[in-house]
Amino acid sequence: MMTIDNYKFAGKKAIVRVDFNVPLDENGKITDDTRIRGALPTLKKILADGGALIIMSHMGKPKGKVNPKFSLGQIVDAVSEKLGVPVKFAPDCAKAADAAAALKPGEVLLLENLRFYPEEEGKPVGIDKEDPGYEAAKKAMKESQKEFAKTLASYADCYVNDAFGTAHRKHASTAVIADYFDADNKMLGYLMEKEVQAVDNVLSNIKRPFTAIMGGSKVSTKIGIIENLMDKVDNLILCGGMTYTFAKAQGGKIGNSICEDDKLDLALDIIAKAKAKGVNLVLGSDCVAADAFSNDANTQIVPANDIPEGWEGLDAGPETQKAFAEAIKGAKTILWNGPAGVFEFDNFTAGSRAIAEAIAEATKNGAFSLIGGGDSVACINKFGMADQVSYISTGGGALLEAIEGKILPGIAAIKG
Ligand code: AMP
């Protein structure tokens, strides 16, 4: 497989798919530039080698229509400043052939938001799934998606995919475009390579013990990943809002705590599977219960399966925090996805903080720790501990799908 280190970019034009879907404030100012910074090593390497850059990305969900709110024109100056070279802008990504042809080595062209065209996502617009013409519209859209991808491909000599955040999507710019380049002219960027390596460390190169921590609000959105991990981990911590679905399933009283009543059997099934597979399943024994969903609510520590009426569990209790730390501290491989409590409220961060601290300590002792999925990343950043873990993934859905064991279309399109 061609790699970014082996490819000779000198005199070539590279079209690079990045994830510049950065959050903007009401004045169009970037509020978090992590994603831009993530792509810089790849972009700078191509420029330093004497290549020209055509950068493409999506921003937001414009649903196939031009919408100035989601224009990448708003970030041209920021990208230019970070790359240290002027960045030209193509206001229509599908009509940029002349601008691309005029690029000289070392020059950069940023294309307008790919999702201003419905072809990028390849979903038919203005027709319902139930409508009789839907299948025909879908087929027609797949054809125009190929044309759109071919147009993008025609701008460049080689294709680089460095957008891990969208690698789980089979979109024109993330996967279909790769069909228009031969194997020697398409490759993953540095960020993608790092993400793939990090996932590989927790799926294939596992050093034991392996502890996975799954939190967040619901068990239903994490079930695929929990089931896949069950075959791999030694310790599985389930925390956050999903705790109460497990407590209720086992006959506990959970007051007003968040609960998925239609997932009680699923919770019992997970408990049984963990037992059968010899996985040490760690569930909260106590919790911080609050009398309202608010940072200023009154609180008390109660058993997670005996929460008084009118109260709800919003964080892991002290006994639980200790149990979590125990299961994390000796681990050599750690995966964390999802907070242990409503960490957005400062008074309910203790459970997540205990996890973050135990991970930091294990990492110091040689563990590989991967943190991924928006909220746990927000958590670790809130605690200022981002530099104390091995790797923080830039992918939310993409990371979860990769860990579920699914083949990501963006990676398959290049690796074959
Ligand atoms: P998810 O999107 O499923 O990963 O869940 C993340 C969200 O779960 C965060 O916004 C947390 O505030 C929320 N969360 C964590 N613990 C609880 C809890 N005990 N009750 C309600 N929400 C929770």
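Trainee: What is the area buried between domain 1 and domain 2, and what share of it do carbon and sulfur atoms give?

Mentor: In this predicted model, the interface can be described by its area, since the size of an interface is often given as the accessible area lost when the parts come together. For domain 1 and domain 2 the buried area comes to about 490 Å², and the part of it that carbon and sulfur atoms give is 67%.

Trainee: How do the residues on the side of domain 1 that touches domain 2 divide?

Mentor: On the side of domain 1, four residues are in contact with seven residues of domain 2. Those of domain 1 divide into no charged, two polar and two nonpolar.

Trainee: How far apart do the C-alpha centres of the two domains lie?

Mentor: The protein is divided into domain 1, covering 13-188, and domain 2, covering 201-403. Between the C-alpha centres of these domains the distance is 35 Å.

Trainee: What volume does the largest cavity have?

Mentor: A search of the whole structure finds one cavity of 30 Å³ or more. Its lining includes Asp19, Arg35, Phe164 and Thr394, and the lining residues divide into four nonpolar, two polar and three charged. The volume of this largest cavity is about 60 Å³.

Technical notes:
Residues numbered from 1 in each chain as written. Predicted model: local features only at pLDDT ≥ 70, side-chain atom pairs only at ≥ 80, totals over all residues. Heavy atoms only, no water. 1 Å grid on protein atoms, 1.4 Å probe; cavity = no way out; pocket = protein on both sides within 12 Å on 5 of 7 lines; lining within 4 Å. Points joined across faces, edges and corners; volume = space filled by probe spheres on them. Nonpolar A, V, L, I, M, F, W, Y, C, P; charged D, E, K, R; others polar. Domains from an automatic or database assignment. Contact = heavy atoms within 4.5 Å. Buried area = accessible area lost by both parts, 1.4 Å probe.
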